[in-house]
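Thank you all for coming; I would like to take a few minutes to walk through one structure with you. Please have a look at the sequence and the model first, and then we can go through some places in turn.

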Amino acid sequence: MLRELRRRWRSYKYRFVPWLALNLRRQRRTLRYVPESSQDKIIADEDVFETLLKTFKALFINDFSRQADILALLPEVKCQYLELLSVEQKQSEVNSCNHQGQHVFSPEEVLFNTLGFTVSRDRSSLVSAGTGVFVTRGFVPRGTVVSMYPGTVYRKHEPIFFQSLGNPFIFRCIDGVLIDGNDKGLSRSVYRSCSRRDQLGPFQMSDESWLTATLQNPLAVGQYVNNCSHEKAANVCYQEFDVPGHFPVELKQYLPNIVYSHDIESHLRCVVLVTLRDIKQGEELFSNYYTVVS
């Protein structure tokens, strides 16, 4: 029992404000300093947008056979995807002897074919750290979106007290916005409720699959990235990204975030993890749990 308590504390202490206040100077290696909140960008928002768009389009095309209800309401979009699908099928026929329709890949295979790598959860290389996230295939260049932090997005005034109790998966953005990435208990129920509240007919405004073992968006594992240490330097960092209003509605089903309050007129906050250096196959991802605006 004592070992389990120690394990939970190692994970939870980075969200415990009194501990942070006492240990900021001692833990300089685990911090990331930015001069202004507006400069908390490793790569441009446009690059984040293009990466998500490229990945989600590939996932959508791979899932094309189950998108009929959505495409029936978007005839112009359907024509665009049919053209893309035709190109995909021609390329597939060149590389395969199977000409019996569209070949469906796993989401991990789609990610590899699109970005050149896959990431997945596994036991961390850190002692007593529990689950971690690894590059399981391929190569990730510096300045690449390698993961997303899923969860319910809370504004400063919104209730999160009960969800936060014993919860090591609450991420605090620089402006005070909170993202609850816990896939269990009350947090899980809240996310599912908000996600189904915002569904418009066949249009899903968010992805619920990160709550399960079968991910529809294979990038949605960022909440399991462990904090760096003196032995394991950070190789990724968090970057906030507000989803623009023109984000394609048919691709929102792959966004692993949902706002807690439906009546807020603002862009959806997402947090992505961006690589600080080249990362090879087999390496575990390590980040800074908190950013300090100096």
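Where does Ser-209 lie? Before I go on, please keep in mind that this is a predicted model. Ser-209 is found in the loop that runs between α8, residues 185–197, and β8, residues 226–227. If you look at its surroundings, and leave aside residues up to four places away in sequence, Ser-209 touches Thr-214, Leu-215, Gln-216 and Asn-217. With one of these there is a polar approach as well, in that a polar atom of the Ser-209 side chain lies 2.6 Å from the backbone nitrogen of Gln-216.

Phe-161 is in helix α7, which covers residues 161–164, and it counts as exposed because its relative accessibility is 54%, where the cut-off is over 50%. Together with Phe-162, Leu-165 and Leu-186, Phe-161 forms a nonpolar patch on the surface, and the accessible area of these residues together is about 470 Å².

How many of the seven residues of strand β9 are buried? Six of them are, and β9, residues 236–242, is therefore largely enclosed by the rest of the structure. Its pairing with β11, residues 269–275, is antiparallel and is made through seven bridges, with Cys-237 standing opposite Val-274 of β11.

To close, I would like to step back to the whole chain. The secondary structure comes to eight helices and 13 strands, and of the 294 residues, 49% count as buried. Among contacts with a separation of 6 or more, 76% are between residues 24 or more positions apart. The chain exposes about 15300 Å², and carbon and sulfur atoms supply 53% of that area.

Conventions: Residues are numbered from 1 along each chain as its sequence is written. This is a predicted model: local features need pLDDT of at least 70, side-chain atom pairs count only at pLDDT 80 or more; totals for chains, interfaces and linings use all residues. Side-chain values use heavy atoms; hydrogens and water are left out. Patches are made of residues with over 30% relative accessible area and no salt bridge: like charges are joined within 9 Å, nonpolar side chains (Val, Leu, Ile, Met, Phe, Trp, Tyr) within 5 Å. Accessible areas come from the Shrake-Rupley method with a 1.4 Å probe; for residues, only the protein chains shown count as cover. A salt bridge is a side-chain nitrogen of Lys or Arg within 4 Å of a carboxyl oxygen of Asp or Glu. Helices (H or I, at least four residues) and strands (E, at least two) are DSSP runs, numbered from the N terminus. Buried means under 20% relative accessible area, exposed over 50%, partly exposed in between (1.4 Å probe, protein chains only). A polar contact is a pair of N or O atoms within 3.5 Å; within protein, one must be able to donate a hydrogen and the other to accept it, and residues adjacent in sequence count only if both atoms are side-chain atoms. Contact means heavy atoms within 4.5 Å. Two strands pair if DSSP finds at least two bridges between them.
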